Amino acid sequence: RRYFEEDYSPLWAKAEEAGIPISFHVGCSSHNAEWVKDFASDSIAMYGNTAALIQPTLVDFMCRGICEKHPNLKIVVAEFNAGWIAYWLDRIDQGWKRDYARHTDMAKPQPVHDIWQRQFYATIENDQITSLTPLFSPKRLEDMTFMSLRRMTLNTSSSSRRCVTAM
């Protein structure tokens, strides 16, 4: 299932209400695309394309209504690094506008850079490109480092629904 589906709404609401960030870790593999199976035997290709593993999830949050419904929900993108994010956000912004022009029944495009700044954090390690990207100011990098150290994580696996029910 995709994260924008209604089954997940109680989880996002409870996490937002409690101020607990949702963290997606590079190794969670919860929604691997079919092409991942082809790369599985090539560790260099897999390592070089790790950002692609989280991108459909980020689209679910930004473009499919989760962030709009839960503007105070914080999402951590853990160990995917961040040098790719500014370029990727530009592409998503363009793609969302393009698709909306053809399908006006979908969610109206929102500025994805603003959504990222308001709700997302990325942990970084050995990622010098990020420090050169205007999207990540020194304060934002400090915040990202703090989030990385805190590692406040709520697992988004199938057991999460049981967790929400118990909250």
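Predicted model: local features only at pLDDT ≥ 70, side-chain atom pairs only at ≥ 80, totals over all residues.

Reader: Where does Gln55 lie, and what does Gln55 touch?
Author: Gln55 lies in helix 4, which covers residues 50-63; helices (H or I, at least four residues) and strands (E, at least two) are DSSP runs, numbered from the N terminus. Not counting residues up to four places away in sequence, Gln55 touches Trp84 and Trp88, where contact means heavy atoms within 4.5 Å.

Reader: Stepping back, how many helices and strands are there in the protein?
Author: The protein has 10 helices and three strands, and from the N terminus on the elements run α-β-α-α-α-α-β-α-α-β-α-α-α. Of the 167 residues in the protein, 41% are buried.

Reader: How are the strands arranged?
Author: The three strands form an open sheet in the order 1-2-3, with parallel pairing; two strands pair if DSSP finds at least two bridges between them. Strand 1 (22-25) and strand 3 (120-122) stand at the edges with a single partner strand each, so one side of each is left without a neighbour in the sheet. Ignoring direction, neighbouring strands of this sheet are turned by 20° against each other on average; for such angles, axes are lines fitted to C-alpha atoms, for helices over the stretch in contact, and angles run from 0 to 180 degrees between N-to-C directions.

Reader: And how many bridges join strand 1 to strand 2?
Author: Four bridges join strand 1 to strand 2, which holds residues 75-78 and runs parallel to strand 1. His25, for example, has Ala78 in strand 2 as its bridge partner.

Reader: Which helix packs on the sheet?
Author: Helix 7 (residues 112-119) packs on the sheet, where helix 7 touches strand 2 and strand 3, and the direction of helix 7 makes about 75° with that of strand 3.

Reader: How does helix 7 pack with helix 6?
Author: Helix 6 (residues 85-102) and helix 7 pack at an angle of about 130°, and their axes are 9 Å apart. That angle makes helix 6 oblique to helix 7, because angles under 35 degrees count as roughly parallel, over 145 as roughly antiparallel, 65 to 115 as roughly perpendicular and the rest as oblique. The residues making this contact include Ala86 and Asp93 of helix 6 and Val112 and Trp116 of helix 7.

Reader: What else does Asp93 touch?
Author: Leaving aside neighbours within four places in sequence, Asp93 is in contact with Gln110, Pro111 and Val112. Asp93 counts as buried, at 17% relative accessibility. As for Ala86, that residue is 47 residues from Thr133 in sequence, and the two are 7.3 Å apart in space, C-alpha to C-alpha.

Reader: Last one: how many aromatic pairs does the structure hold?
Author: The structure holds nine aromatic pairs; rings of Phe, Tyr and Trp (its six-membered ring) pair if their centres lie within 6.5 Å, and planes under 30 degrees apart count as stacked, over 60 as edge-to-face and the rest as tilted. The rings of Tyr3 and Tyr8 have centres 5.0 Å apart and planes at 65°, so this pair is edge-to-face. Ring pairs link Tyr3, Tyr8, Trp12, Phe24 and Phe61 into a cluster.

Key. Residues numbered from 1 in each chain as written. Heavy atoms only, no water. Buried < 20%, exposed > 50% of the residue type's maximum accessible area, 1.4 Å probe, protein only.
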